Amino acid sequence: MGRGAATMYAASLADADCIVFEGSNMAENHPCAFTWAMKAKLKGATLIHVDPRFTRTSAVSNVYAPIRAGSDIAFLGGLINYVINSDRWNNDPFFKEFVVNYTNAPTIINAEFKDTEDLDGVFSGLMEYKGDPLNGFLAVYDNATWQYARGEASEGGRAAATAQSGEQPVQSGGQGEQGQQPPKGPPFDPLVRSLLKPPAQGDETLQDPRTVFQILKRHYSRYTPEMVERVTGCPQETFLKVAETILENSGADRTTSFCYAVAWTQHSMGPQMISCCATLQLLLGNMGRPGGGIQALRGHATIQGCTDIPTLYHSVCGYMAAPSALKKHDTLADYLATETLPTGYWANTPKFFVSYLKSMFGDAATPENDFGYDWHPKISGDHSHMPMMVAMADGKVKGMFCMGQNPATSLNGSLQRKALGKLEWLVVKDNFEHETASFWYNAPEIRSGEVRPEDIQTEIFLFPSAQVAEIEGSFTNTQRWVQWHEKAADPPADARSDAWFTHQLAKRLKAMYADSTEPRDEGFKNLLWEFDYDEGEYPENTKIQGEPDIHKVLKEINGYQTDNPSEHLKSFADMKDDGSTTGSTWIYTGIFPSPDKNRAASRQSDPENPTGSQLEWAFAWPANRRLLYNRASARPDGQPWSERKKWIWWDGTQWTGFDVPDFPPKKPPDAQADPNGIGLDAHSGSEPFIMKSDGRAWLFAPTGLVDGPIPTYYEPYEAPVHNPLYKQQYNPVLKYWDRPDNKIAQVGDPQFPYIITTYRLTEHHLSGVMTRWNPWLAELQPELFIEMGPELAEEKGIRNLDWVRVTSPRGAIKAKALVTRRLRPFVIDGKTFHHVGMPWHWGYQGVVTGDVVNDLTHMVGDPNVTIHEGKAFMCNVEKA
């Protein structure tokens, strides 16, 4: 759809007629946001929970559908197949009108494309991977055959949108605060225009066999209710009840929402699970509308913020691609030609990226030196967590800064602790001396005698960290809202904020490099770093000197005119590509529109409309929009689909309603696309998905997902059965690091016969660094446990509270047994399999301790973003 973030805000759930929780135990893991789901239920909405365990979310839902971990695409694909073959979908004109006008369903795909139906589970273009083994790929796809057919339309069809398909960033923002397109001008418009391609072919009757819709229909034809039960273990009657409920609660007058969390992301096909849900929601017309959409439930406080302004290796601020030594990124012009899409809002990439470079290097960045582009670091491969730790274990990494992370308890924990022991130096900055800081003297390998502390040469520095109430700043929550929080107290003793640490480190590094004459050091020398408080303005309510002025950081994020720094940018529509504007994070522009207005600190509610958009409460990127793609809340002619679900509509002169329009505010619904236009000129007035090259949401992704244009079911890399749907067992292009300390159980291995998933508890957070040191929380959840059904317990002679030994090919741990009917056996492909679950919050430090559950997990990753497959693997269980 163009952006990777949540399409809606939590309060909009109260406007839903049906809410599906899949890949999430929202009641326990996002309890504040779950308030709005309960409000929806009180108003008559149907709640559905799809999950391996019967949880507190299940307990308040109207329907509970059990499925085994990792089988979600089979379940969602079954829903897609059921929906598009139902009488309701085919006879209600709403669905056809939404899909034909707002998605790429009519677009015709290259004649050379081959689907999984043609190649028994893989797509055309699969080939051997010949790159760096550290990247972990088993194979890769060449997506040339996945592209749109271009040129003259085929007989019986007509040219569809004139827009282009091209590489889509994972996430992005939208238009300026008022929706206007940034003004055209030198120096990069000719470059953008040179990227235009011929028009894509299309057939709005959807009858051409090469249309996206017909390809999609064939692709999911084998995902029958019988097959869903065979793969997932969900009884057919339950699946059909879910399908009918969702279908009945979608349409012009009703909407359904989906909520997911890491139980969808942490798989070798995690992004494809989410893509499959997006496909279903688009087919049902549930996007951009109140009570409809996808709520991506992100983690504690500002996980959303740390991908917006990234701690990611592969993108820079605002989801622009990081310059890469592996792409045609040699010069700034090369980078922009590679990463800019000529149609859709990403045509403005030059304005956003040049403003970002100006933010990095200030006055030193000029047109003559490509705005300092050569000073910017370039990536040379996959530098995400798992390949970094593998390289570290092989002695290829010398040092590490560890802030807000605990690798000693992370995936394949024993491998990661071994990796930490190969470092020359390790800096840990956290609230407590957690497992990563103490691995050298207290890890399981040390206690067992396998490793001696004196053999670990890593020099470790522990910096005590201030906690959130001891600092001032912002956080960005799961619904893209940036909110400001004030400092409540000074941190104790020598504890320092992350901002203080980063600020002081940067200043000392700049001082170190100040006299260097090496060309490679020009970036450090020219790095703009001016965040000290002005003289006489240091706040009186802090004891710690050297804290940066956090409002100056926010100003740099927002952007300003380079010749007048006191003139803040009002929206990213103000950004230019000539060096006259600076701003690090275009999607946040408008959050600080003037020196006296921090919109993140705004706290004006609308008590008359408690579930409404609340536009004066905090700031939501992009441009303070609360429902993304909200142009889709109106029909192509601009009028609401129904009075009950009205949100944004055309009043005859402009787009208006209850939200900031995610569309040019003055562009009428009947505006025609300019066949030669760039940016939004290439879109018509009825194409709501402005971040996509063709203005339409994609049911078929010709680019952007490296493991296929359509979500396809594969088994997890460790699985109990052979794939019932295809000959291809697992995602053919997943990432796996084949090494002795990362062994994998084979399909149906009798040594590891049980399906296992990991999960979280309300009382603890992540690996427990923020919670296991708190006695009151430790008392509520004092011990590590393993949930198992009574059938497995009886088979193994295990009683409730017995000690249990759990093993996988990577390790062994002990836990207390929690025998409960919340987990039951599944019949998968005709065989019965037991399923167990374990929370992963324990470690060997803190008030309460326990074994590291991630010692059981493997390093297997999704090929798009290298997220790990920690939610579905195999184990054995024995009475200890």
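**Figure 1. Secondary structure and overall build of the protein chain.** The chain carries 25 helices and 32 strands (DSSP runs numbered from the N terminus, with helices being H or I of at least four residues and strands E of at least two). Its radius of gyration, taken over C-alpha atoms, is 27 Å, close to the 29 Å that the globule rule gives for 880 residues, so the chain is as compact as a globular protein of that length. That rule is 2.2 Å times the number of residues to the power 0.38. Along the principal axes, the C-alpha trace spans about 70 × 70 × 60 Å. This is a predicted model, where local features need pLDDT of at least 70, side-chain atom pairs count only at pLDDT 80 or more, and totals for chains, interfaces and linings use all residues. Residues are numbered from 1 along each chain as its sequence is written, and side-chain values use heavy atoms, with hydrogens and water left out.

Figure 2. Val877 sits in β32, which runs over residues 873-879. At 0% relative accessibility, Val877 counts as buried (under 20% relative accessible area; exposed is over 50% and partly exposed in between, with a 1.4 Å probe and protein chains only). Skipping neighbours within four places in sequence, the contacts of Val877 (heavy atoms within 4.5 Å) are Tyr754, Ile786, Met788, Lys796, Ile798, Val804, Arg805 and Val836. As for Glu783, 94 residues away along the chain, its C-alpha atom is 18 Å from that of Val877.

**Figure 3. Close-up on Phe75 and the largest nonpolar core.** A nonpolar core here is a set of buried Ala, Val, Leu, Ile, Met, Phe, Trp, Tyr and Cys residues joined through side-chain atoms within 4.5 Å. The largest one has 83 residues, and Met1, Phe75, Leu79 and Ile246 touch the most other members. Leaving out residues up to four places away in sequence, Phe75 touches Glu22, Val50, Ala65, Ile67, Val228, Thr232, Cys234, Phe239 and Val242. Apart from that core lies another, of 74 residues, including Leu13, Cys259, Ile557 and Phe592. In soluble globular proteins, nonpolar side chains tend to be buried together.

Figure 4. For the whole chain, 61% of the 880 residues count as buried.
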